[in-house]
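Thank you for sending the model for comment. My remarks are set out below as numbered points, to be read beside the sequence and the coordinates.

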Amino acid sequence: MIAVICRFVADLVTRGLTLVPSAPAPPAESVPLESGLADVATLQRRRRARADAQDGESFFVDTISEYQWARDAAGLAPSTLDNLVKPVIEVCDFFGMLPWELSPREVDRYFAGPGKRARSTVRQKINMIDAYFAFLEQRYAGEIMMRFGAMVESPIDPFNRPRHRGDFGLRIPPSQAAMREFFARWREQLPEARKYAVACRDYVMTKIAYLSGVRAAELCGVCMGDLHWEHGQWGRFLVNGKGAHGSGPRQREAYMFQEGRELLWWYVEEIRGEFGDDCEHPRAPLWPSERNPAPVAALNLSIAPALGPPAFRRQLHRAAADYLTGPVTDLFPHLLRHACATHNYERGMTLWEVQKVLGHDWATTTLRYMATAQADPEQANVAASSRAAQRLVMDKGNLR
């Protein structure tokens, strides 16, 4: 990890990162010695004059490494650790400054100009910069003041601190009738497909994603050994779920349900063996790729590589263009997850049960997936009043 960070910063230096400290103080001989607090200020100016650019760059690398170690000890996933400091290095590289030399003005200029991206991306990067400065202020503010004469203060102030402004669009899934028609039309065309095994794989994969509500990355990572036909009423399969707050994947059980069990059983028995690898190997992918890259083929492995999420998305877009009708004309994996939550809730599942299917820790997260659910509050009120009246009749004469 340290070597990667060092190489990254060294690459920034070779590409022209000039980290120049603030204007040097007058020579020590020309600074008159004063008493009291003036002596402290004089000593700081002398130390600052002796601090060169190389010293600042080395200290910058040390703080980045320490920050990643601290977040690693907190339990964050390796992929999260790699992305924590990239926004800080990105802004420092653009302005040729050390982090403690940045001000809110530089951050504003960068993210309003050359660094402008989608709102969610900018919000995420600014929050990462603010978190790094909180670490820097907590652990190294005194040392930075002594060595470089600079006060550590986050360039994220109340004016440029990001706010969530509801910039996530509402995802409207197809209706239940549209999804039934979509899968029916697709299945009718399977026998005419040029690559029958590949077409069946894409069809089964899409329907399992819709029935179980798993994410694309979770579904693509399922292996043959992750299928547990004996669990629950219709069987379940293991997925590496998305960890909360960047803590990394967490394994959980996903539900097949009756329709998914029958479909998966047919796929495993009739289709999976057509891909040519050892499909009985426990680590063989459930959804193998038809393409075997030359470096992978040279390894002479007994199992095929797994289909990746980008390929799954492309297949889903093509299938939606061919077979999906109605107001919603396109599909992507996360929209299938929204459709799973919405349609199960409309069919009578409780909020807690839908939350269990999606693998959410918080019910408030599940509610966002059901924003388009067809609900009738008036009918629910009438039903609740009817149930209350029935309880009063049944409890008549009971004073307890």
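The points go from the basis of the model and the chain as a whole to single elements.

1. This is a predicted model, in which local features need pLDDT of at least 70 and side-chain atom pairs count only at pLDDT 80 or more, while totals for chains, interfaces and linings use all residues. Residues are numbered from 1 along each chain as its sequence is written, and side-chain values use heavy atoms, with hydrogens and water left out.

2. The protein chain holds 17 helices and three strands, where helices (H or I, at least four residues) and strands (E, at least two) are DSSP runs numbered from the N terminus. Of its 400 residues, 40% are buried, a term that stands for under 20% relative accessible area, with over 50% called exposed and the range in between partly exposed (1.4 Å probe, protein chains only). Among contacts (heavy atoms within 4.5 Å) with a separation of 6 or more in the protein chain, 62% are between residues 24 or more positions apart.

3. Helix α5 spans residues 86-95, and its buried residues include P87, V88, I89, V91, C92 and F95. An α-helix has 3.6 residues a turn, so residues three or four places apart point the same way. After α5 comes G96, with a positive phi near 65 degrees.

4. Strand β2 (residues 236-241) pairs with strand β1 (residues 227-228) in the antiparallel sense over two bridges, pairing being assigned if DSSP finds at least two bridges between two strands. R236 of β2 is the bridge partner of H228. With strand β3 (residues 250-255), β2 also forms an antiparallel pairing, here over six bridges, and in β3 Q251 stands opposite N240.

5. Helix α14 (residues 333-346) packs against helix α15 (residues 351-358) at about 155 degrees, with the axes 10 Å apart; axes are lines fitted to C-alpha atoms, for helices over the stretch in contact, and angles run from 0 to 180 degrees between N-to-C directions. The two helices are therefore roughly antiparallel, the class for angles over 145 degrees. On the α14 side the contact is made by R337, C340, A341, N344 and Y345, and on the α15 side by L351, V354, V357 and L358.

6. As for individual cysteines, C220 is buried at 6% relative accessible area, and C340 is buried at 2% relative accessibility.

How values were computed
Angles under 35 degrees count as roughly parallel, over 145 as roughly antiparallel, 65 to 115 as roughly perpendicular and the rest as oblique.
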